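We'll walk through a few strands, a helix and some aromatic rings.

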Amino acid sequence: MNFERGVFVAVHTGAGTHADSSCQNHKSICKRACQQAMALLLGKGSALEAVTAAVAAMENDECTNTGRGSNLTMHGTVECDASVMCGSSLSFGAVGALSGVANPVTVARRLVEEKKLGPLPFGRIRPSILVGKGAQEYCVEHGIGVNDNLITDSAYKTFLRYSKKCFKKPSALLVNKKRKFSEIEKKDSEENQKCENPRDDQVQDTVGAVCIDSEGNMAAAASSGGIWLKHAGRLGPAAVYGAGCWAQNETSESKPGIAAVTSGCGEQLMQTLLAKTCCDSIRSTDNLTQALTGTFKSNFMESEFLAGDKDKFAGALLLRKIQINGVREIEVLWIHSTASMCFGYMSGKDKTPTVRMSRLDERCCPGQSFVIEGHTVLTSGQPAATET
């Protein structure tokens, strides 16, 4: 089999309400993330390397809510969450409430890679999740810079606008954070100029990526700056096992490879462990759309754990791979109850990524309805594609 036809990557920049004016920006970000991941995959890079590269590309773009450009906490600081899961080893690594690191996903990946080294001396177990000051200390110990200025002009302006609406004395939140806009580092690039105004989008939390490498290994990664004016130290779904991302390799024809990343209302994603829940639903079925629809409805929209919430906001991007008689079938699915969700995907035989802004029907109410679609690719013999 031509390995180029067996590799695949899919990414998203968050689920929420995307303004028409930002649609092209989000599509461009998805396109670049797919291309960077695919360059690694075509060079026989690992799935773990590819998802890390894709998410890092999105962290580096200040138009996304992760890395530089993240939403600010109620104290006007940046605290990021990120996680990576390897489908072959089933290892999971995550960092939470991490400040000053431009690419938190690379730290999460390092935690996964260190699992391969085995236990520490005297039976000590290597950590899977590090948060706050401990996560910063880990970065320093491993030569990862923790002094990056991640606060952008756009994020700061939006923080001021929201804090004035939410708090009687917003100035009290700016202790040691007072600054003039001229003091904030500015870049002259075209991309940064597009994001110079306060954000009008209501895009939820997380960016993410899922992929398959030439060996058939699966991986998933997620990263987030969290919600506006969140409490300092708040841990979001991008750093929670089973909530923000999930990946498992294929073990048999009845147990295909699966990977997922989610976005939405963080506490709702965590209470329902949405990434793992969605993966479990599509792993042992031939009708993926029906299975995912049923599970999203019963385990999220109608979940007993969310009974007190009138509206439920989530988006999920899923990848499923199975190989039978030398034919590798890959299916990518997306589902969301938010007004919109931007994503992109690319196979090894594609010259350019497919990017989409999926929108809920205008007649439907966000938080109470959802949309699901998918795309299937056969990656050996005569390639074929179908839409559902």
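Two strands pair if DSSP finds at least two bridges between them; the strands themselves (E, at least two residues) and the helices (H or I, at least four) are DSSP runs, numbered from the N terminus. Before we go in, note that this is a predicted model, in which local features need pLDDT of at least 70 and side-chain atom pairs count only at pLDDT 80 or more, while totals for chains, interfaces and linings use all residues. Residues are numbered from 1 along each chain as its sequence is written, and side-chain values use heavy atoms, with hydrogens and water left out.

Start at strand β3, residues 92-98. Strand β2 (residues 80-86) runs antiparallel to β3, and the two pair over 5 bridges. β3 is mostly covered, with 7 of its 7 residues buried; buried here means under 20% relative accessible area, exposed means over 50%, and partly exposed is in between (1.4 Å probe, protein chains only).

Now look at the turn. The hairpin of β2 and β3 has 5 residues between the strands, and among them L90 takes a positive phi near 65°. Most residues other than glycine have a negative phi. L90 counts as partly exposed because its relative accessibility is 43%. Another non-glycine residue with a positive phi, about 65°, is F122, and you'll find F122 in the loop between α3 and β4. At 87% relative accessibility, F122 counts as exposed.

On to the other partner of interest. β3 also pairs with strand β4 (residues 129-131), this time in the parallel sense and over 3 bridges, with V95 opposite L130 in β4. From β3 the chain crosses through helix α3 (residues 104-115) to β4, and this β-α-β crossover is left-handed. For the handedness, the strands point away from the viewer, and a crossover is right-handed if the path from the first strand over the helix to the second runs clockwise.

What about helix α3 itself? Its 12 residues should span 16 Å at 1.5 Å a residue, and its end C-alpha atoms are 18 Å apart, which agrees; the expected span is 1.5 Å times one less than the number of residues. In α3, P104, V105, V107, A108, L111, V112 and E114 are buried. Their cover includes α2 (47-59), β2, β3, β4, α4 (132-141) and β7 (218-224).

Next, the rings. The structure holds 10 aromatic pairs, where rings of Phe, Tyr and Trp (its six-membered ring) pair if their centres lie within 6.5 Å, and planes under 30 degrees apart count as stacked, over 60 as edge-to-face and the rest as tilted. One of them is the stacked pair of W334 and Y345, at 6.0 Å centre to centre and 25° between the planes. W334 lies in strand β11 (residues 327-336) and Y345 in strand β12 (residues 340-347), so the pair ties together parts that are 11 residues apart in sequence. W334 is buried at 0% relative accessibility, and Y345 is buried at 4%. Ring pairs also link F8, W334, F343 and Y345 into a cluster.

Leaving out residues up to four places away in sequence, A316 touches V261, T262, C278, L333, W334, I335 and M341, contact meaning heavy atoms within 4.5 Å. A316 counts as buried, at 0% relative accessibility.
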